[in-house]
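Here are my notes on this model, point by point. Please keep the structure open while you read.

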Amino acid sequence: MTQPRPPPSSLDRPGDMPLAKCPRVISITSGKGGVGKTNVVANLAFAFTRMGRRVLVLDADLGLANIDVLLGLTPQYTIEHFLNGEKSLSEILIKGPGGMSIMPASSGVYELVDLDENQKLFLLNEVDLIADQIDLLLIDTGAGISSNVLYFNMAAQESIVIATPDPTSITDAYALIKVLSTQFNKKDFMILINLVNSGQEAKEVFEKISRAADRFLESLSIDYLGFLPYDEKLLFAVRNQRPVLEIYPKAPSSRGFVELAKIISERPLRDKGIGSVQFFWKQLLQSHQPLDREGEIV
Ligand SMILES: Nc1ncnc2c1ncn2[C@@H]1O[C@H](COP(=O)(O)OP(=O)(O)OP(=O)(O)O)[C@@H](O)[C@H]1O
Ligand SMILES: [Mg+2]
């Protein structure tokens, strides 16, 4: 790790920030894989730490390109150690750039919905202990409509669906929104368009998704959050295992991430009643169906 890091700003810092709209729980998701979720999570988390927010990232993506790899981190423990009772929740957290905290989930997330009542109570107690030290929980959900992805989106208060101009990404984003709204009664979505050449192109992609949703799905609120341009610098940053915002703060995508963090923090919450980290975990743990290793309901 060659880049100097700013001082830690996350869970070990006193809660002295004016954070009227926090804590918030936001899932970052997509129908199709490889559209930029993990990069968005890493860079948004970094942008929020720069704004003085205490950010916890939950890596719920079980793919190979996990956030710890993207950020050059080697977690010693994962949520499995916590669930086995070997480590406390705070012991499994690792520090990332800007002082963000990361909860490495690994395949342990499959077991979350499978816990017995005592284990669930234990987990919720531990969550209580760290919840008031977090302003923002960002969840990298992985792609698709497997139940694992759906559960994390269902439990999160707000969801950002990422799509690109690739037609399959557009239809898959729509499919994900459809399943979440019809089967899980989720009605609010924010759409972020990645890998575009212009704002105009991004708007056109968004229109396609929202037109389809308007025609076929009832009473949905689908907001256009913004876009991120195709950016060579982001590719360099990925190779260097650093957030692009950290090492190329002036790059086009970096400006996009800063703008995005600003838009999100200024965006009023639709349903303030469900705005807590504890609520997220409770929702998640109430999902009864056990999952197999592919995340399908068994
Ligand atoms: N704005 C961008 N400009 C250029 N390349 C990008 C951009 N966003 C993403 N990429 C490229 O796409 C790759 C995949 O990004 P990322 O790993 O964040 O996607 P993902 O949605 O998390 O994928 P998965 O579904 O496999 O978890 C990156 O490694 C990078 O090469
Ligand atoms: Mg990913």
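1. Start with helix α7, residues 147-155, which is mostly covered: 9 of its 9 residues are buried. Buried means that 20 or more other C-beta atoms lie within 10 Å of the residue's own; exposed means 12 or fewer, partly exposed in between, with C-beta atoms placed from the backbone. The buried residues of α7 include Tyr 151, Phe 152 and Met 154, along with Asn 148 and Asn 153.

2. This is a predicted model; local features need pLDDT of at least 70, side-chain atom pairs count only at pLDDT 80 or more, and totals for chains, interfaces and linings use all residues. Residues are numbered from 1 along each chain as its sequence is written, while chains are lettered from A and ligands numbered from 1 in the order in which they are written.

3. Overall make-up. The chain has 13 helices and 8 strands. These are DSSP runs, numbered from the N terminus: helices are H or I with at least four residues, strands E with at least two. Of the 298 residues, 46% are buried. Among contacts with a separation of 6 or more, 79% join residues 24 or more positions apart. A contact needs C-beta atoms, placed from the backbone, within 7 Å.

4. The core. The largest nonpolar core holds 78 residues, and Val 57 and Leu 138 have the most contacts inside it. Such a core is a set of buried Ala, Val, Leu, Ile, Met, Phe, Trp, Tyr and Cys residues joined through C-beta atoms within 7 Å. Helix α1 gives this core its largest share, 8 residues. Beyond its neighbours within four places in sequence, Val 57 touches Leu 138, Val 41, Ala 45 and Asp 140, among others.

5. The ligand. Ligand 1 has 22 residues around it; Gly 33, Gly 36, Lys 37, Thr 38 and Asn 39 come nearest. A residue counts as near if its C-beta atom, placed from the backbone, lies within 6 Å of the molecule. At least two shell residues come from each of α1 (37-50), β5 (136-143), β7 (188-196) and α10 (232-240).

6. Phe 279 sits in helix α13, residues 277-286. Is Phe 279 buried or partly exposed? Partly exposed, because 17 other C-beta atoms lie within 10 Å. Its C-alpha atom is 8.7 Å from that of Gln 157, 122 residues away along the chain.

7. Confidence. The average pLDDT, the predictor's confidence in each residue from 0 to 100, is 83, and 82% of the residues score at least 70. Residues 1-21 fall below 50, yet have 36 contacts in the model beyond near neighbours in sequence. Residues 290-298 are also below 50, with 21 such contacts. Where pLDDT is low, the predicted coordinates should not be read in detail.

Note on methods
Two residues are in contact if their C-beta atoms, placed from the backbone, lie within 7 Å.
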